[in-house]
Amino acid sequence: MQPFRHLYVHIPFCRHKCGYCDFNAYAGMDRLMPDYVDALERELAYARERHAFQELETVYLGGGTPSLLPSDLAARLLAFIRANFNVAPDAEVTLEANPASTDEAKLEAWLDGGVNRLSLGVQGFDPRALAVLERKTDAAQAVRAFRLARETGMPNISIDLIYAVPHQDLESWLETLRRGVALGPDHVSTYCLSFEEGTLLFRRRAEGRVPEVQPDAQSDLLDAACTELEAAGFRRYEVSNWARGGFESRHNQAYWRCRPVYGAGAGAHSYATDGATAWRWWNVARPRDYIAASPKPKADGEELLVRSAAAESLMLGLRTAEGMDPPPGFDVELDQLAGIGLIERHGGRVVPTRRGMDLHNQIALAVL
Ligand code: SF4
């Protein structure tokens, strides 16, 4: 088995469950936070004994809303990780934050704990789009949180923006992109809103209370993102991600390159490989069940045989602009994708074209 060099820690608490969200996130459970951090420490200590970890290149606190953790709990968790794992001096340590729960005391605790990358869930600036998403933050909070993070010394800040939100037209999306760029982020993620079954937004659409967004409109909005962000000096290095040179997310690159990632916390997924076969397993999802089950919170798992693991690595590698050296056995699929202009061969590598990045779901369908 290849050793783990990447650690993901899931913090499932949220102030409010947004109407579009199908992540493993829960509102109204803040009182569980101290027990949850205890349980995380138990799981991490057990994992450290059971699996091979080498120097960690990336640590990622995601959620949910990690910024909701009170600063003393966040500091304790970050210190625990440093004390129990060998975190590389130049490791990328990311924390996902919601603008509404980002303040000076927390930023100082995060920076003291070694966080050097903040992923700020801005999502948008247009009050109408934010209302459809049921985000409880507004543009002013996002601007305040971003500026505060910079003033406090956060060296690397990413913002998330969502497009194809009902009622969002091209003008309002352009305005969102321009306001996002004006903040001065190092990295921008743009996500196309999806209507996931089981969410409030899905039900609202089914009831006709929010309009559909036509695929043509989605593609115009994506085009606008490419034009605006590239003009502002960002490079699209993955289907949904743009960065200034040197600010590509190292943690997410570990997923796209199928590197082993240990996932701790409620519902977190881990991925391990020996370079041919791969294994994926995931923890029990609900925070209370996770606390009870830690240090052995695994719910279930699966083995990916060589062909499936290779297909998955090809599909993920073709999300990135750099592409990959394809695994053997996919010539028919790759020729077909090259024939319809979704990928190109550069020497031995395969890379997605711009169209291939925009229509990555077709690449996924072909290779999986
Ligand atoms: S803040 Fe993020 S994780 Fe939490 S409910 Fe909203 S979208 Fe989901």
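**Briefing: ligand shell, helix contact and strands**

The residues in the shell around the ligand comprise six nonpolar, three polar and two charged. The model described here is predicted. Besides the ligand shell, this briefing covers a pair of helices, an open sheet with a helix across it, and a hairpin.

**Ligand shell**

- Three cysteines, Cys14, Cys18 and Cys21, are among the residues that surround the ligand.

**Helices α3 and α5**

- Two packed helices are described by the angle between their axes and the distance between those axes.
- Helix α3 covers residues 104-112 and helix α5 covers residues 139-152; their axes come within 10 Å and cross at roughly 45 degrees.
- Because of that angle, α3 is oblique to α5.
- The handedness of the crossing between α3 and α5 is right-handed.
- On the α3 side the contact involves Glu104, Leu107, Glu108 and Leu111, and on the α5 side Leu148, Ala149 and Thr152.
- Sorted by class, the residues in this contact of α3 with α5 are four nonpolar, one polar and two charged.

**The three-stranded sheet**

- An open sheet is built from three strands in the order β12-β13-β14, with antiparallel pairing.
- β12 (269-273) and β14 (298-304) are the edge strands, and each has a single partner strand, so one side of each has no neighbour in the sheet.
- From one strand to the next, the twist averages 15 degrees.
- Five bridges join β12 to strand β13 (residues 278-283), in the antiparallel sense.
- Ser270 has Trp281 of β13 standing opposite.
- In a regular strand, side chains alternate between the two faces of the sheet.
- Helix α11, made of residues 306-317, lies across β12, β13 and β14.
- Relative to β14, helix α11 runs at about 95 degrees.

- Strand β15 (residues 343-346) pairs with strand β16 (residues 349-352) over four bridges, in the antiparallel sense.
- Ile343 has Pro352 in β16 as its bridge partner.
- Two residues lie between β15 and β16, which form a hairpin.
- Gly347, in the turn of this hairpin, has a positive phi of about 60 degrees.

How values were computed: Residues are numbered from 1 along each chain as its sequence is written. This is a predicted model: local features need pLDDT of at least 70, side-chain atom pairs count only at pLDDT 80 or more; totals for chains, interfaces and linings use all residues. Side-chain values use heavy atoms; hydrogens and water are left out. A residue is near a molecule or strand if one of its heavy atoms lies within 4 Å of it. Ala, Val, Leu, Ile, Met, Phe, Trp, Tyr, Cys and Pro count as nonpolar, Asp, Glu, Lys and Arg as charged, and the others, Gly among them, as polar. Axes are lines fitted to C-alpha atoms, for helices over the stretch in contact, and angles run from 0 to 180 degrees between N-to-C directions. Angles under 35 degrees count as roughly parallel, over 145 as roughly antiparallel, 65 to 115 as roughly perpendicular and the rest as oblique. A crossing is left-handed if the near helix is turned anticlockwise from the far one by less than a right angle, and right-handed if clockwise. Contact means heavy atoms within 4.5 Å. Two strands pair if DSSP finds at least two bridges between them.
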